[in-house]
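Thanks for coming, everyone. I would like to take a few minutes on one model, and I will ask you to keep the view open while I talk.

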Amino acid sequence: MDLPTELPAVALVDLDAVAHNVGVVRSRVAPAAVMAVVKADAYGHGLVPVARAALAGGASWLGVAHVHEALALRDAGIDADVLAWILTPGTDLLPAVEAGVDLSVAATWSLEAVVAAARAGGRRARVHLEVDTGMSRGGSSPSEWPALLDAVAKHVDAGDVEVRGTWAHFASADVPADPSVPAQLEAFEAALATAHEHGVDPGLRHHANSAAAFFVPQARYDLVRAGLAVYGLSPAPDLASGAELGLVPAMTLAARLAHVRRVPAGAGVSYGLTYTVPADTTLGLVPLGYGDGVPRHASWDGERSGEVLVAGARRRIAGRVCMDQVVVDLGDEAALPGDPAVVFGPGGDGEATADDWAQAAGTISWEVVTRIGARVPRRHTGTAGVPQPPEVPA
């Protein structure tokens, strides 16, 4: 693997893989459109480069959690449709309204905050109405929905807001046979019918996340919100792997060995000496730890641990993951400081994948990639969405 020599560790992000994955989702859900979810710094992959690559791959919308994420996209010159869906009291919404960012409304207080910003800016705000169909997280509850719709209708008539969409979120779309899935769809249909009864055009209907986009076709409606699939990982690994869905993982986390040493049989390794080498062995020090997002729960537990690809084979973590480093057991393999160590990647060269690390840490691949911290530089490869210099006449 070709790693930058000046960096101890790096997260390589393949923008062409991002564009490819959006294309896979788009072909699966057509004629529904695709919103690429780029919240949380694009799941740790890099907000602006990934947003551009997703648009190049055919996404027509971008989705973020917070207003400041949407404004960062606008500041980068991205003028595509953007939805921000978590509003908190006191947030200054005027810049978002002026920048043409769509805002999610789930309660009368948030509607009034959006209306105030619209009036201050002298322009109509663009909103999506979030309804709770059974997840009990965000969204307007069924009991509050009619009152919210009446308030929305009033402000639509006054020219304060334009309803661009109505949406909800699944709790268990990765288990499509779960009874909550049809129950949520039924609740969504009821909410849409109530919107019409109260004189509100629901606009674009969107309920599907990545899992529903692939496995719940009746949930695709007008727009799907693709998150994990954009990054090449399966949203339902128990049903199909990313490769089986045609997806390509976009992130590779790698480092260079910082230290290599030979230790005798019986030597304990790392904090607590929870790992004892069974025979004379070589240990390699990888300069990545939980301070960089490597899960401490992937430490050696007596049976398994996270694995790092060194010298063509996966090597188990010896002992506990530390804040800045992990030790891997290389056996009798010859290795030198500076040799590459791949923590996870697409898996094509034998390295562990984000799913493998999720299993080792007892978590999900969403967390594995998103938690990679800012201390690890991102290096973006590929050309999808990358602004090209203008051609110079011969």
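Let me begin with a cut-off: a residue is called buried when its relative accessible area is under 20%, exposed when the value is over 50%, and partly exposed in between. Please also keep in mind that what you see is a predicted model. With that cut-off, Asp356 at 27% relative accessibility counts as partly exposed, because the value falls between the two limits.

Which parts of the chain does the salt bridge between Arg375 and Asp324 tie together? The closest N and O atoms of this pair are 2.9 Å apart. Arg375 lies in the loop between helix 11 and strand 19, and Asp324 in the loop between strand 16 and strand 17, so the link spans parts that are 51 residues apart in sequence. Both are partly exposed, Arg375 at 49% and Asp324 at 34%. Elsewhere, salt bridges that share partners join Asp81, Asp102, Arg126 and Arg164 into one network.

Now to strand 18, residues 340-344, which is mostly covered, with four of its five residues buried. Strand 18 pairs in the antiparallel sense with strand 10, residues 251-256, over four bridges, and there Pro340 is the bridge partner of Arg256. Strand 18 also pairs in the antiparallel sense with strand 15, residues 307-310, over two bridges, where Ala341 is the bridge partner of Val310.

Finally, the second largest pocket, which holds about 190 Å³ of space. Two or more lining residues come from each of strand 11, strand 12 and strand 14, and strand 11 gives the most, with four. The lining has 13 residues, and Arg261, Val269, Leu283, Leu285 and Val327 lie nearest the centre of the pocket. By class, seven of the lining residues are nonpolar, five are polar and one is charged.

Notes. Residues numbered from 1 in each chain as written. Predicted model: local features only at pLDDT ≥ 70, side-chain atom pairs only at ≥ 80, totals over all residues. Heavy atoms only, no water. Buried < 20%, exposed > 50% of the residue type's maximum accessible area, 1.4 Å probe, protein only. Pairing = 2+ DSSP bridges. 1 Å grid on protein atoms, 1.4 Å probe; cavity = no way out; pocket = protein on both sides within 12 Å on 5 of 7 lines; lining within 4 Å. Points joined across faces, edges and corners; volume = space filled by probe spheres on them. Nonpolar A, V, L, I, M, F, W, Y, C, P; charged D, E, K, R; others polar. Salt bridge = Lys/Arg side-chain N within 4 Å of Asp/Glu carboxyl O.
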